[in-house]
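Subject: Handing over the structure, with notes

Dear colleague,

I am passing on the structure that we talked about, and my notes on it follow below. Please keep it open beside this email while you read.

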Amino acid sequence: MKARLSTIFIFLCTTIVLSAQMQNPVKWDFSTEKKGNTLRAFFHAQIDDGWHVYDQDLPESGPRSTTIVYEELYNAKTVGKILNYPAPTEKYEAMFDMNLRWYEKNVTFSQYLELADEKDYAIKGYVEYMACDETSCLPPTKEYFTFKNHSKMPATGKDVKTNKTATTP
């Protein structure tokens, strides 16, 4: 009887862990537009119904803000601040006991970058975000991106995992 209960307990725990790992309510797509030596990077999130992703620059005592982190910029530098569309929803959220800003359904962040060499550049990094529904939040998640054009990026010793790649012609 004890062995049977242990087996059932292990099965239930495994099922709960696997279902939590399989839950992915946010799908990211990365792209760019280039005009001369200016590149505009787009970070688009499609968000499942009932879920939301938080805005940038939220109070530290709240949920994890969405951030775009550039781990490597080769022949490129950021210009200005990160833009977003549409405007976020702002409401009181009882789970965190504060007013917060978030996006439902979709959001596109964009960033202008100046290229030192428009034929040879590479930009690597990730978007870190936190998705929540009305009752729970998933742990902060990173989605990696790479934008490059015929780049012979110097070795840095970093092992950068690239989930999504956009190549600009």
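Which pattern does the protein follow when it is read along the sequence? The answer is α-β-β-β-β-β-β-β-β-β-β-β-β, and the elements behind this pattern are one helix and 12 strands. Please bear in mind throughout that this is a predicted model, and that the values below were computed from it.

Let me begin with the protein as a whole. It has 169 residues, of which 36% count as buried, and its accessible surface comes to about 10,500 Å², with 53% of that surface belonging to carbon and sulfur atoms. If you take the contacts with a separation of 6 or more, 68% of them are between residues 24 or more positions apart.

Next come the aromatic rings. A pair of aromatic rings is described by the distance of the centres and the angle of the planes. There are 12 aromatic pairs in the structure, and I will take you through two of them. The ring centres of Phe43 and Phe145 are 5.0 Å apart and the planes stand at 65°, which is over the 60 degrees that the term requires, so this pair is edge-to-face. Phe43 belongs to strand E2 (residues 38-47) and Phe145 to strand E11 (residues 141-149), so that the pair links distant parts of the chain, 102 residues apart. Phe43 has a relative accessibility of 0% and therefore counts as buried, and Phe145, also at 0%, counts as buried.

The second pair is made by Tyr54 and Phe96, whose ring centres are 6.1 Å apart and whose planes are at 90°, so this pair is edge-to-face as well. Here, too, distant parts of the chain are linked, since Tyr54 is in strand E3 (residues 52-54) while Phe96 is in the loop between strand E6 (89-93) and strand E7 (98-104), 42 residues apart. Are these two residues buried or partly exposed? Tyr54 is buried, with a relative accessible area of 0%, whereas Phe96, at 21%, counts as partly exposed, because the cut-off for buried is under 20%.

Elsewhere, a charged residue meets a ring: Lys142 lies over the face of Tyr126, at 4.5 Å from the ring centre.

How many salt bridges does the structure hold? It holds three, and I describe each in turn.

- Glu118 forms a salt bridge with Lys34, and their closest N and O atoms are 3.8 Å apart. Glu118 is in the loop between strand E8 (106-115) and strand E9 (121-129), and Lys34 is in strand E1 (residues 26-35), so that parts 84 residues apart are linked. Glu118 is partly exposed at 32%, and Lys34 is partly exposed at 27%.
- Asp55 forms a salt bridge with Arg101, with 2.8 Å between the closest N and O atoms. Because Asp55 lies in the loop between E3 and strand E4 (67-74) and Arg101 in strand E7, the pair ties together parts that are 46 residues apart in sequence. Asp55 counts as buried at 7% relative accessibility, while Arg101 is partly exposed at 23%.
- Glu128 forms a salt bridge with Arg64, the closest N and O atoms again being 2.8 Å apart. Glu128 is in strand E9 and Arg64 in the loop between E3 and E4, 64 residues apart. Glu128 is buried, with a relative accessible area of 13%, but Arg64, at 40%, counts as partly exposed.

Finally, there is a covalent link to consider. A disulfide is a covalent bond between the sulfur atoms of two cysteines. A search of the whole structure finds one disulfide, formed by Cys132 and Cys137, whose sulfur atoms are 1.9 Å apart. Why is this disulfide called right-handed? The torsion about the S-S bond of Cys132 and Cys137 is about 105°, and the disulfide is therefore right-handed. Of the two cysteines, Cys132 is buried at 0% relative accessible area, whereas Cys137 is partly exposed at 25%.

Technical notes
Residues are numbered from 1 along each chain as its sequence is written. This is a predicted model: local features need pLDDT of at least 70, side-chain atom pairs count only at pLDDT 80 or more; totals for chains, interfaces and linings use all residues. Side-chain values use heavy atoms; hydrogens and water are left out. Rings of Phe, Tyr and Trp (its six-membered ring) pair if their centres lie within 6.5 Å; planes under 30 degrees apart count as stacked, over 60 as edge-to-face and the rest as tilted. Helices (H or I, at least four residues) and strands (E, at least two) are DSSP runs, numbered from the N terminus. Buried means under 20% relative accessible area, exposed over 50%, partly exposed in between (1.4 Å probe, protein chains only). A charge sits over a ring if NZ of Lys or CZ of Arg is within 6 Å of the ring centre and within 35 degrees of the ring normal. Contact means heavy atoms within 4.5 Å. Accessible areas come from the Shrake-Rupley method with a 1.4 Å probe; for residues, only the protein chains shown count as cover. A salt bridge is a side-chain nitrogen of Lys or Arg within 4 Å of a carboxyl oxygen of Asp or Glu. A disulfide is a pair of cysteine sulfur atoms within 2.5 Å.
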